[in-house]
Each structure stands twice: as C-alpha cells, then as structure tokens.
Amino acid sequence: MDEKDWKQERERLNDVLDVIDTTAEKLQERKGGIKDRVLDLRKNFWEDVTVNLDEPDDVIETQASLKQQAELLSERERSHGQLSEQLKTLARLKESPYFGRIDFQEQGEQGPDKIYLGIASLMDEQEDEFLVYDWRAPISSLYYDYPPGPAEYQTTEETVSGDIKLKRQYIIRNSQLKGMFDTGLTIGDYLLQSVLGNNASTQMKSIVATIQKEQNQIIRNEKNDLLIVQGVAGSGKTSAALQRVAYLLYRYREVLSSDNMVLFSPNPLFNSYVSTVLPELGEENMQQTTFHEYLDQRLGGRFDIETPFAQMEYYLSASQQPEYETRVTAMTFKAGTQYKKLVDQFIEALHTGGVEFRNVTFRGTVIVDKESIAEYFYGLDPVMSLPNKMEATAKWLLKQVDKYAKGQLQEDWVLEEGQLLEKEDFLSVYQQLQEEDASSDDPYYDFVREEELLRQKVIDDNFYPLRQKLKRRRFFHAEKTFHKLFDAEVVVDGVKLPENWPEICRQSLELLEQRKLTWEEAAPYLYFYNRLVGFQVNRSIRHLFIDEAQDYSSFQFAYFKEVFPSSRMTLLGDYNQAIYAHASTGQTLLSPKMGAKHERITLTRSYRSTRQIVEFTKALMPGGDIIEPFNREGSKPLVTEVSDQQKLKQQILQTIKGYTGADHQTIAIICKTMEESQEAYQLLREETEAKLMDEETHTFQKGLLVIPAYLAKGIEFDAAIIYNASAAQYYRELERNLLYTACTRAMHELAVFSIGPMSAFLQQLPEDLYEKA
Ligand SMILES: Nc1ncnc2c1ncn2[C@@H]1O[C@H](COP(=O)(O)OP(=O)(O)OP(=O)(O)O)[C@@H](O)[C@H]1O
C-alpha cells in the first residue's frame with residue numbers, strides 16, 4: 001500500500017467525518033425543534049382540546065379531541081426518541097466510521113463499487129449514496145464470505161454475482177486512521193491476532209469487524225426453525241449468537257423487536273458478562289434469563305427448587321453420602337426421554353382416574369366435597385382434554401360457590417362483618433345508593449337497601465379468595481397427584497426403568513414431601529402440571545437462544561417446545577463441555593441424533609486461547625483432534641505436582657506474582673466445586689486480594705478471582721490457574737469435561753496444579769505439550 005492510498009483513504013475518512021458532523025447538527029436542530037413542540041404540547045394540552053360533557057354527542061367529540069391530542073404528543077415524543085437514537089449511532093460512527101471495504105464489480109456493470117462497512121449505515125448529504133453500509137446489509141455478507149475473486153450475495157429478490165477486486169481492513173480509533181491492510185482469504189489474521197492478543201475484558205466485545213466465514217453462517221442463518229451449533233471451546237458461539245440477535249433485529253426491523261427474543265444463559269454472571277455487546281452495536285438487549293430463574297417464577301412459591309449448581313455440587317462432592325447412587329441415577333434418568341415417556345403415560349392414565357381433588361370449603365364448611373368433584377370431573381366427556389376438563393370443573397365449582405354464597409347472604413355473620421367494614425366501603429355503598437337513585441323519600445327503603453348492599457359487599461369480599469383459587473385450579477392437588485407417579489402400581493408400558501427405580505421412587509417421594517424440587521424433577525413437574533391445566537404458551541417470543549445447550553436435558557427441551565411454539569430456536573453448545581450428570585449417558589441436545597428437523601453447524605476453530613493452550617486442552621479430549629487452534633503464540637501451559645497444601649500455596653502465590661508482573665488483569669483460580677473454591681479462598685485470602693465468586697455473584701470484576709468451574713462457563717480470563725487437578729479429584733468422564741472446561745477459560749496463560757499425582761487425563765498427555773515444574 002503506497003502513500004497515495006493512504007492519502008486517498010485519509011481524505012475519504014475526513015469527508016465521511018464531515019458528513020457525520022453535518023448530519024448530527026441537522027438532527028440536533030430537528031430534535032431541539034421537536035422538544036420545544038413537545039413541551040408546548042404538554043403545557044397547552046388542555047387548551048387545545050375541546051372539553052364539553054353536556055350532551056352524549058359532546059362527550060364523544062371531547063373524547064375524540066383528547067385522543068387526537070394525545071396521539072400528536074406521543075408521535076412527537078416518539079420522533080424525539082428516534083432522533084436521540086440516531087444521534088447516539090452517529091456518535092459511535094464518528095469514533096470509527098467503518099472497519100472494512102470491498103470493491104465489488106457486479107456482473108454486467110461498469111467499474112467496481114466501493115462498499116465500506118461499519119456498525120451502521122450512513123448516507124451522503126443528498127441521501128443518494130451510501131457512504132457506509134451497515135455490516136448486516138445483504139451486500140455486506142460478501143465481506144465475510146469471500147476472498148477477492150468471484151463472489152455472490154443474496155438479496156430478498158435475487159442472487160447478485162460479480163467479482164471482488166479488493167478487500168481492505170481499517171483500524172480507525174478516535175476518528176483517526178491508525179492502520180489499514182489488504183487481505184486475502186481470511187479476514188486479516190493480523191487484525192484478529194491483535195484483537196485476540198488483548199487483555200481479557202470483564203465484558204464481552206462485539207466481533208463485527210472480524211466475523212469469520214463459518215460464524216457468518218450462524219449469524220445470517222434463516223433456513224431452519226431449529227439451528228444447532230456445536231462449537232469447540234472458544235470458537236465464538238456466544239459471540240456469534242449475540243451478533244445473530246443484532247442481525248435479526250436489523251433484518252426484520254419492521255416486525256421484530258428485542259422483546260421478541262430471549263436468551264437462556266448458564267448463570268446470572270454470564271448475563272452481565274454479555275450485556276454490553278448489543279448496546280455497543282446500537283441495539284437493545286434481548287430478554288435474558290436462566291432456566292432456574294424461569295422455573296422459580298412459575299413454581300418458586302410452592303417449592304424450594306434446587307439450582308443446577310447445587311445439583312452439580314452434590315454430584316461432584318457427595319459421593320460418601322448414603323443414597324448417593326440412587327440420586328445420581330435419578331439425575332440421569334429423569335433428564336431423559338424415557339422418563340418423559342413415563343410421565344406422558346402417567347398423564348394419559350389420569351384421563352380415567354387418579355387426579356386428587358381437594359374439598360372446596362368456606363369457613364370450615366365443605367361446599368363441594370372432593371368425591372363430588374372427582375365424580376363431576378370423570379363424568380365429563382372422555383374425549384375432552386385434561387385442561388378442558390379442568391376448565392369445565394372450575395366453571396361448575398364457581399357456580400356451586402355462587403349458589404352457596406347467595407344462601408349465606410342472610411346469615412348473621414355477614415351482618416356482623418358488615419359492621420366492621422372500612423369507611424371507604426360505607427362510602428361506596430352510599431354512592432351506589434345514590435346512583436341507583438334509590439334514596440327515595442322512604443327512609444325504610446334506604447335502610448333495607450343499604451343493608452342489602454353491605455351484605456353483598458361482605459359476601460363478595462369473603463368469597464373472592466376462594467373464587468380466585470378455583471380459577472387457578474387449586475381444587476385439585478397437583479403435588480399429591482404427581483406423587484402417584486412414584487406409587488408401585490403405576491403401569492409402565494415400554495419404558496426402560498433403571499434397576500433401582502423403587503429406591504428412586506422412595507427418595508423422590510421423600511424430597512417432594514419436604515417440598516423440595518430437585519433440579520432433575522423441576523422441568524418434569526412443571527411439564528406435568530401444565531399438561532393438566534394447559535400450557536401458558538408464549539407466542540410473543542419469536543426467537544429463542546439457548547447458550548451452553550449441552551447442559552439442558554431433553555426433558556427440558558421438550559418443555560421449551562411446548563411453551564414457545566411460535567419461536568425459532570438457536571441452540572449453541574459444546575458436548576465436550578457437558579458437565580451435568582445427565583450427560584454421562586453421552587446424549588446431549590447437541591448430539592447428532594437430535595430428532596427434530598434442524599440445521600447443524602459445527603465450529604472447530606478455537607479463537608480464545610493461544611496455540612499452546614489449545615494444543616494442550618484438545619489433547620485432553622477423545623476426538624479433540626478436530627479442534628484447530630488459531631495461530632496466536634504464547635508459552636506452554638505449566639503443570640506442577642506438589643506434595644501438600646502449603647507447597648501448593650507457595651507455588652500458586654509465585655505464579656500469581658508472575659502473571660501480575662506480565663500485566664495480566666484477570667486471573668482466575670478455577671476449582672472443581674464451590675467447596676474447593678472456599679478452601680482455595682481461605683488458603684490465599686490473607687496474602688492476596690482474591691475475590692470469591694459464587695452463585696449469587698452477578699458481575700464479574702478484574703483482579704484475582706476464585707471460582708468453581710461450572711460458574712466460569714462461557715467466561716474467559718487472561719490467565720487461569722487450575723487449583724488441584726489431581727487423580728483424586730478428576731477421574732470420572734464428566735470430570736474430564738469439567739477439567740477441559742476449566743482449562744479452556746485461559747486466553748494467554750494456563751497453570752495446572754495437583755496435590756499428589758495428577759489426574760490420569762493429564763498423565764496421558766504427550767509431555768511436549770506442557771512445561772513440568
Ligand atoms: N471472529 C472473531 N473475532 C474476534 N474475536 C473472536 C471471534 N470469534 C471469537 N472471538 C473471541 O474468542 C473468544 C471466545 O468466544 P466465545 O466466548 O464467543 O466462544 P464460545 O464458543 O462461546 O466459548 P465457550 O464454549 O468456551 O464458552 C472471545 O474472546 C471472542 O471475543
């Protein structure tokens with residue numbers, strides 16, 4: 001690239017910056033004008049409305065006038081809001097107007113078009129030419145998908161073919177052109193190198209300038225309702241998912257908003273970690289939640305729901321406890337399709353009998369007893385669905401309650417309670433009397449009518465909670481009905497039950513009776529409950545994203561499909577990072593055998609860690625040879641065996657010192673469990689400023705952190721220290737995955753310690769992959 005190129009590019013950049021400035025000035029002026037008008041409108045709102053309530057026609061006219069005025073005001077307020085958004089985007093563009101360019105010669109056209117790509121589009125002052133194209137525009141996909149040479153892109157109407165003559169990248173910071181280079185096949189290894197070489201951040205960054213071709217396939221994917229992404233650790237799954245949200249918001253901006261999208265993420269810490277990416281791109285964040293939060297909203301009032309982390313903690317550290325094996329088998333079995341089949345069969349059987357009902361009582365008197373409810377329920381047309389039967393029964397019961405309530409009107413207690421009503425209630429009775437125009441000349445009539453109204457008020461108030469309960473289907477006992485699933489006499493047809501099913505049943509009942517819902521039972525129970533009363537279907541969600549999808553069970557997935565029937569789904573995950581007990585059977589949502597019709601994209605390139613760290617971590621996994629490191633050099637991981645905890649402490653302190661000296665700003669000591677994290681924290685707290693991260697931690701900070709591996713999921717650190725990767729700690733297959741997950745959090749440095757002999761997973765690694773201390 002010669003001086004002439006630099007001169008031209010600098011001049012162009014200055015021209016674009018001028019346009020940004022003038023556009024911003026114009027918008028600012030318009031915004032000021034609108035603001036004045038909004039203030040005026042608010043001030044004079046009532047003066048500009050004709051208020052006349054004399055005749056019915058006048059009332060209608062007044063209403064129309066009010067509506068018109070309110071619409072005008074909100075329309076102005078909206079344009080004011082939109083202008084503010086546009087100004088924010090311009091401010092972001094000014095900082096760095098574009099990051100790439102392609103010169104594209106369309107077939108049959110003369111001379112190539114210069115297409116500059118940025119985070120938003122910008123037009124020239126005459127508004128007839130794009131100075132910058134939004135990275136999500138159809139033509140921009142050329143930049144991500146092709147090296148120079150023949151290329152094509154898809155618009156909504158057609159495929160446009162041509163030739164890319166040039167592909168160039170820019171580094172523009174603070175409105176200054178700091179660097180540029182022409183690239184070949186991949187989008188500048190150089191730029192990617194420099195981005196990936198930076199220190200880890202406590203917030204995820206947008207990757208629009210360096211999206212890789214295979215990631216672009218995920219971002220712009222529109223073919224299937226179900227997209228499954230299996231990507232190795234650090235391959236950019238989460239990054240691609242977030243850019244995909246931004247892309248969809250752009251592509252369907254007329255019909256889709258951030259409220260129509262939801263991301264299920266592994267933990268609240270992760271939620272805050274990714275929360276800045278979309279705002280950085282000028283988009284609002286989608287809804288974000290965790291599955292536990294979601295279940296807790298639905299069932300939290302009735303049960304104490306175990307968190308997935310508590311389940312994991314139990315799985316990893318309670319092996320000495322009685323009944324451990326039973327519980328672990330339950331974790332696996334209840335996550336799978338066989339258990340779903342069992343629950344489905346159980347629900348089917350409830351069509352003919354088995355639902356437990358409650359007496360409907362009022363002040364200790366049974367209005368309708370449970371036997372009569374059962375008789376009514378099971379007397380309904382057998383072809384009706386269970387939710388319809390529930391609805392019909394609720395209606396019938398409400399009628400019975402109404403009848404009973406009428407009968408109570410003249411009872412003494414009603415009058416007695418009437419005396420205790422609040423002043424406001426008397427006032428409202430009085431007002432009602434006046435409205436009825438009943439305050440006749442006959443004082444006796446007034447007296448009688450007043451008492452009647454007071455009695456009615458007492459009855460309404462007293463029966464309100466009961467009516468609400470009936471509407472919420474509390475006339476049947478969901479929990480007791482569910483307990484029957486674990487009764488010996490449940491008939492199962494074609495379900496492969498685990499050998500220790502009787503023990504599982506006993507344990508399940510014990511837990512349920514204490515109102516404890518284990519993590520493996522939570523989704524099945526909610527599914528069961530909804531099959532009885534009807535699913536609260538959410539049709540407003542159009543796109544559902546599930547990150548770390550390998551951690552969800554097929555039962556949970558089945559639940560998602562019921563609740564979000566109108567939603568497209570993107571599942572992203574890595575089966576090598578499956579760490580929950582149910583994955584021990586080898587089946588996860590990402591397994592190639594997934595039944596539903598779907599498209600599958602596999603990412604094998606790992607961007608997060610240095611080549612040396614990737615070579616080390618890939619060797620930990622069977623089949624890991626498909627993992628390709630991105631070429632970024634660093635030092636080999638360090639593996640150290642020590643004899644006891646005091647030696648471990650010395651070594652870790654020394655390693656931390658080295659890392660801090662090398663300017664690494666986020667250093668994580670990753671432990672197997674929370675229990676071990678507490679131990680590590682106690683060991684180091686006096687000599688360091690370590691912070692302990694737990695389930696309750698919602699934001700992640702710089703510095704030295706002590707964290708269990710399952711909370712570090714999805715997050716990355718400049719340097720990772722594995723606290724104790726000993727043979728005693730990591731030996732089961734899922735612990736291999738846990739160790740892999742922990743090690744793959746490191747971007748630049750990795751140190752693995754072990755008290756006593758190291759885990760067999762490490763022992764089998766070729767020795768040239770690490771330095772041994
Ligand atoms: N195209 C890219 N350009 C720049 N950085 C990238 C790109 N793709 C991925 N990265 C970086 O690689 C790191 C890993 O990305 P991300 O967290 O999205 O991966 P992941 O597949 O979700 O990882 P894991 O499964 O290990 O949690 C991040 O720092 C991300 O910014």
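**Figure 1. Pairing of strand β20 with strand β26 in the predicted model.** Within β26, L638 has E771 as its bridge partner. Strand β20 and strand β26 (residues 771–772) pair in the parallel sense, over two bridges. Two strands are taken as paired if DSSP finds at least two bridges between them. Helices (H or I, at least four residues) and strands (E, at least two) are DSSP runs numbered from the N terminus. Residue numbers start from 1 along each chain as its sequence is written. The model is predicted: local features need pLDDT of at least 70 and side-chain atom pairs count only at pLDDT 80 or more, while totals for chains, interfaces and linings use all residues.

**Figure 2. The open sheet that contains β20.** Seven strands form this sheet in the order β22-β23-β21-β24-β25-β20-β26, with parallel pairing. Its edge strands, β22 (691–692) and β26, each pair on one side only. Helix α24 (residues 674–684) packs on the sheet and touches β21, β22 and β23 (703–708). The direction of α24 makes about 145 degrees with that of β23. Contact between two residues requires C-beta atoms, placed from the backbone, within 7 Å. Axes are lines fitted to C-alpha atoms, for helices over the stretch in contact, and angles run from 0 to 180 degrees between N-to-C directions. Strand β20 (residues 638–642) also pairs with strand β25 (residues 746–755), in the parallel sense and over five bridges. T640 has F753 as its bridge partner in β25. Strands β21 (residues 666–671) and β24 (residues 717–722) run parallel and are joined by four bridges. There, A668 stands opposite A720 in β24.

**Figure 3. Q650 in helix α23.** Helix α23 (residues 645–661) contains Q650. Q650 counts as exposed because it has 11 C-beta neighbours inside 10 Å. By this count a residue is buried if 20 or more other C-beta atoms, placed from the backbone, lie within 10 Å of its own, exposed if 12 or fewer, and partly exposed in between. Between Q650 and L684 the C-alpha to C-alpha distance is 9.6 Å, with a separation of 34 residues in sequence.

Figure 4. Strand β8 (residues 226–231) runs parallel to strand β16 (residues 568–573), and five bridges join them. L227 has T570 as its bridge partner in β16.

**Figure 5. The shell around the ligand.** The ligand is surrounded by 23 residues, of which T210, G236, K237, T238 and S239 are the closest. By residue class, the shell holds seven nonpolar, eleven polar and five charged residues. Nonpolar here covers Ala, Val, Leu, Ile, Met, Phe, Trp, Tyr, Cys and Pro; charged covers Asp, Glu, Lys and Arg; the others, Gly among them, are polar.

**Figure 6. D163 in strand β6.** D163 lies in strand β6 (residues 159–173). Leaving out residues up to four places away in sequence, D163 touches Q105, G149, P150 and A151. D163 is partly exposed because 16 C-beta neighbours lie inside 10 Å. D163 and Y294 are 131 residues apart in sequence, and their C-alpha atoms are 49 Å apart in space.

Figure 7. Most residues other than glycine have a negative phi. For E323, phi is positive, near 65 degrees. E323 lies in the loop between α10 (308–317) and α11 (324–333), and is partly exposed, with 15 other C-beta atoms within 10 Å. For R473, phi is also positive, near 65 degrees. R473 is placed in the loop between α17 (443–471) and α18 (478–483), and counts as partly exposed with 18 C-beta neighbours inside 10 Å.

Technical notes. Near = placed C-beta within 6 Å.
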